[in-house]
Amino acid sequence: MTSIWKRVSLGIFAAALAFGPAVAQDAKAPVLSLELNALQPTERGCRFTFVVANQLENDITRAAFELVLFDKNGLVERLTVVDFMDLPQGKTKVRQFDFSGTKCEDVGRVLVNNATECTGEGVDAATCIRQLETKSQSDVTFGS
């Protein structure tokens, strides 16, 4: 009976070794998550609401992104920089930006063109764009 349990134990151990690397490869790399959450008309234009979560390994002392707003025909309507300020590691923040003269209903797509600033101790300047993960809760296409 002991020999059967040894074989079973060895089989389980071998299976764990075989699947261990696959599980490790499936582990998600740390990201900076940026979500276009909502567009809201204002008296002067359109208010964009973003939800940003720093799931990286370090605090970001300042993050700013160059955004390109396209109209529904695919033409560039505006090129602008938005400053998300500090983004502590493990924290989620909501930021709003008002774009005067922009009608929310005319926005078809928002492109994250580049990270114009990405600073923090142990943070590479390219981290904010390289590890950026985008999504949209609105009807507007959003991404890099």
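Which side chains meet in a salt bridge with 3.7 Å from N to O? The close-up views below take up that pair and several other places in this predicted model. Residues are numbered from 1 along each chain as its sequence is written, and side-chain values use heavy atoms, with hydrogens and water left out. Because the model is predicted, local features need pLDDT of at least 70 and side-chain atom pairs count only at pLDDT 80 or more, while totals for chains, interfaces and linings use all residues.

**View A. Arginine 95 and aspartate 86 meet in a salt bridge.** Here is the answer to the opening question: the side chains of arginine 95 and aspartate 86 come together with 3.7 Å from N to O. A salt bridge here is a side-chain nitrogen of Lys or Arg within 4 Å of a carboxyl oxygen of Asp or Glu. Arginine 95 counts as buried, at 15% relative accessibility, whereas aspartate 86 counts as partly exposed, at 33%. Buried means under 20% relative accessible area, exposed means over 50%, and partly exposed lies in between (1.4 Å probe, protein chains only). Side chains of opposite charge can pair when their charged atoms come close.

**View B. Glutamate 117 forms a salt bridge with arginine 62.** The closest N and O atoms of this pair are 4.0 Å apart. Distant parts of the chain are linked here, as glutamate 117 sits in strand E6 (residues 107–119) and arginine 62 in strand E3 (residues 60–71), 55 residues apart. Strands (E, at least two residues) and helices (H or I, at least four residues) are DSSP runs, numbered from the N terminus. Both partners are partly exposed: glutamate 117 has a relative accessible area of 29%, and arginine 62 has 37%.

**View C. Aspartate 124 forms a salt bridge with arginine 130.** In this pair the closest N and O atoms are 3.5 Å apart. Aspartate 124 counts as partly exposed, at 41% relative accessibility, while arginine 130 is exposed, with a relative accessible area of 52%. Elsewhere, salt bridges that share partners join Arg62, Asp83 and Glu117 into one network. A search of the whole structure finds seven salt bridges.

**View D. Cysteine 46 and cysteine 104 form a disulfide.** Their sulfur atoms are 2.0 Å apart; a disulfide is a pair of cysteine sulfur atoms within 2.5 Å. The torsion about the S-S bond is about 110 degrees, so this disulfide is right-handed. Cysteine 46 lies in strand E2 (residues 45–54) and cysteine 104 in the loop between E5 and E6, so the pair ties together parts that are 58 residues apart in sequence. Cysteine 46 and cysteine 104 are both buried.

**View E. Cysteine 118 and cysteine 128 form a disulfide.** The sulfur atoms of this pair are 2.1 Å apart. With a torsion of about 70 degrees about the S-S bond, the disulfide is right-handed. Cysteine 118 lies in strand E6 and cysteine 128 in helix H2 (residues 127–130), so parts ten residues apart in sequence are tied together. Cysteine 118 is buried, and so is cysteine 128. The structure holds two disulfides, and numbering the bonded cysteines in sequence order gives the pairing 1-2, 3-4.

**View F. Four strands make an open sheet in the order E5-E2-E1-E7.** The pairing in this sheet is mixed; two strands pair if DSSP finds at least two bridges between them. Strand E5 (92–100) and strand E7 (132–136) are the edge strands, each pairing on one side only. Strand E1 (residues 32–41) and E7 run parallel and are joined by five bridges. Glutamate 35 stands opposite lysine 135 in E7.

**View G. The largest nonpolar core has 29 residues.** A nonpolar core is a set of buried Ala, Val, Leu, Ile, Met, Phe, Trp, Tyr and Cys residues joined through side-chain atoms within 4.5 Å. Leu32, Leu34, Phe48, Phe50, Phe65, Phe84 and Val110 have the most contacts inside this core. Two or more residues each come from E1, E2, E3, strand E4 (76–87), E5 and E6. Leaving aside neighbours within four places in sequence, leucine 32 is in contact (heavy atoms within 4.5 Å) with residues including Phe65, Leu87, Cys128 and Leu132.
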